[in-house]
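Take a look at the model below.

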Amino acid sequence: MAAGGPTCVDDISDDVLEMVLMRLRSAACLIRAASVCKRWRRVIVTADGVFLRRFRAHHGPDLVGHYHYVGASASDAAFVHVSRPVLVSSGRLSLDFVPDTDSWTIADSRGSLVLLGKRSERTANVYYCLEFIFCEPLTRRYQLVPVPTPEMKRRGKLGAFLADGDDELGGRIGMSSYRVCTNKTRLLSRIMLTHRPIPSPSGPSSSPPATAADAST
Amino acid sequence: MAAATDDAGDSNEMIRVVSSDGEHFEMPEAAANLSLVLRHMIEDDCADAAGIPLAVVAAKPLAKIVDYCTKHAAKSSGLTIEEAEELKRFDAEFIEVDTDMLYDLLVAADFMGVEGLSKLAVQRTADLIKGKTPEQNRETFGIVNDFTPEEEEEICKENEWAFQITKPPSRLC
């Protein structure tokens, strides 16, 4: 502002702009701010995900609500909002975009993702599911988890749950950053097998997930 | 029965500063010490009668900053609840400024290292952004939309839910 003309928004340094954007409360606010102009977007969406990681560490996730279902299939699930004000309209949370909704049951949900398992005719128990699909209701995207490996099939009871991705998207879960874990003992700490998406530099959704076998403690 | 003379001497001295457009201002040393830059200058004995030149801070925002620092320095420690409340009210009124002054304060407080004021201006800016559509934010802050229509459409499509929160805006982006 020293030489000529009043101070304008471009005179604010990236550091200060970052402090401002860090003070926004919700993810929705942040997304809309990231749509204002290229500069704001650049500050928020960095290649290393540092800003988003810090934003999440500061604010924690926005809990929108829960899926609640008394019937057996995902098509019976009702969404119960817990946030006030309601953050996402109910229509945005329906699972009706998943093909053949009736045959799936909700196995787990984490972050913005919902993991659905195909009910086994034998028990209708999710722990016997051998076919999984995961979806993101907000963006109405879904992806089949590839048929489990022979090793997975050999295991008796398969529990399945979603875990955060490795380090993409600020280390959080999303369509391009997630793990589907199955375990034999149902002890969550004992991750036996993990599905991960193939890391792709640009496109989030389209690459099929890779299967990796992890034997960790 | 607090001894008012505890930190006497230096703190009663007035510090002079000069804005980029040549206006002179005075404030107590305790007020100037709220600015990291001024504090270092004072410690290095650079504060003389001619005043400390602030090359990137114009008179208008500097007057505000002197006002802020003077008020906060006078009530820096051992605040009663009433005094703290009064300071809060002062801050709330102080930061009720137009966006031009807000930019000035953001830049100047950052440059001068006045932490409290920096936080106040940052919070005020964030409050202005909240609850607005991208278009409303561009209007508020005088920002040109530099996305191509294709990029804009892609962003909207990807994050449609975030634009449909309270009532669907007439234009999504």
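A cavity is a set of points on a 1 Å grid over the protein atoms alone where a 1.4 Å probe fits but cannot get out; lining residues have an atom within 4 Å of a point. This is a predicted model, where local features need pLDDT of at least 70, side-chain atom pairs count only at pLDDT 80 or more, and totals for chains, interfaces and linings use all residues. Residues are numbered from 1 along each chain as its sequence is written, chains are lettered from A and ligands numbered from 1 in the order in which they are written, and side-chain values use heavy atoms, without hydrogens and water.

The structure holds one cavity of 30 Å³ or more. The largest cavity has a volume of about 50 Å³, the space filled by probe spheres set on grid points joined across faces, edges and corners. Which residues line the largest cavity? From chain A come A:Val9, A:Ile12, A:Leu17, A:Val20 and A:Trp40; from chain B come B:Leu106, B:Thr125, B:Ile129 and B:Phe141.

Now the sheet. Strands are DSSP runs of E with at least two residues, numbered from the N terminus. Two strands pair if DSSP finds at least two bridges between them. In chain A, four strands form an open sheet in the order 3-4-5-6, with antiparallel pairing.

Strands 4 and 5 of chain A run antiparallel and are joined by four bridges. A:Leu116 stands opposite A:Ile133 in strand 5 of chain A.

How values were computed:
On a 1 Å grid over the protein atoms alone, a cavity is a set of points where a 1.4 Å probe fits but cannot get out, and a pocket is an open set with protein on both sides within 12 Å along at least five of seven lines; lining residues have an atom within 4 Å of a point.
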